[in-house]
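Dear colleague,

Please find the structure below for your records.

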Amino acid sequence: MTPPPTRMDDPEMALEYFDPLLRTNDLVQDLKWDRELRARFESSEKQVLDAYPLTAEERTAILDRDFRKLFELGLHPYLLSQLARLIYGTGETAGTSGAATALLKSLLGDRYDSYMAERGE
């Protein structure tokens, strides 16, 4: 597999790795729409993950909060942000939530600080 794109904000490149068959896509959709499942995920995440036919890589990436790995495995970019919100909650100001910060740090890795500096933040 080629390295992930360097520009995550390019819509065409953001979908380059999308794999509609990746089971994590189903998990995140279910979590979005099923309040009871979300509550179980919050209280016993590993048990919820056991109920899905996830690969070892998917499971580890979710448990490690490795959003970049999930992106590389094929999780839809929109669902990446949804998973981050489900795990970390949301902030009151756009772009300031723990979810947004965790997602950006995971996706950008060593480039996070320079990216934030470019944005003046």
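Helix α2 (residues 23-33) packs against helix α7 (residues 77-88) at an angle of about 50 degrees, and their axes lie 10 Å apart. Axes here are lines fitted to C-alpha atoms, for helices over the stretch in contact, and angles run from 0 to 180 degrees between N-to-C directions. That angle makes α2 oblique to α7, given that angles under 35 degrees count as roughly parallel, over 145 as roughly antiparallel, 65 to 115 as roughly perpendicular and the rest as oblique. Asn25, Val28, Gln29, Leu31 and Lys32 of α2 meet Tyr78, Leu79, Gln82, Leu83 and Leu86 of α7, where contact means heavy atoms within 4.5 Å. By class, this contact has six nonpolar, three polar and one charged residues. In that scheme Ala, Val, Leu, Ile, Met, Phe, Trp, Tyr, Cys and Pro count as nonpolar, Asp, Glu, Lys and Arg as charged, and the others, Gly among them, as polar.

The model is predicted: local features need pLDDT of at least 70, side-chain atom pairs count only at pLDDT 80 or more, and totals for chains, interfaces and linings use all residues. Residues are numbered from 1 along each chain as its sequence is written, and side-chain values use heavy atoms, with hydrogens and water left out.

Helix α2 also meets helix α3 (residues 35-43): their axes come within 5 Å and cross at roughly 110 degrees. That makes α2 roughly perpendicular to α3. Asp30, Leu31, Lys32 and Trp33 of α2 make this contact with Arg35, Leu37, Arg38 and Phe41 of α3. Its classes are four nonpolar, no polar and four charged residues.

The chain as a whole has nine helices and zero strands. Helices (H or I, at least four residues) and strands (E, at least two) are DSSP runs, numbered from the N terminus. Of the 121 residues, 36% count as buried, that is, under 20% relative accessible area, with exposed meaning over 50% and partly exposed in between (1.4 Å probe, protein chains only).

Within α7, the residues Leu79, Leu80, Ser81, Gln82, Leu83 and Ala84 are buried. Their cover includes α2, α6 and α8 (98-108). The twelve residues of α7 should span 16 Å at 1.5 Å a residue, and the end C-alpha atoms are 17 Å apart, which agrees; the expected span is 1.5 Å times one less than the number of residues.

Setting aside residues up to four places away in sequence, Leu80 touches Phe67, Leu70, Phe71, Leu75, Leu103 and Leu107. Leu80 and Phe67 are 13 residues apart in sequence and 6.7 Å apart in space, C-alpha to C-alpha.

In α8, the buried residues are Ala99, Ala102, Leu103, Ser106, Leu107 and Leu108. What covers them includes α6, α7 and α9 (112-118).

Finally, some backbone angles. Most residues other than glycine have a negative phi. Arg65, a residue other than glycine, has a positive phi near 60 degrees. Arg65 is found in the loop between α5 (56-64) and α6 (67-73), and is partly exposed, with a relative accessible area of 22%.

Yours sincerely
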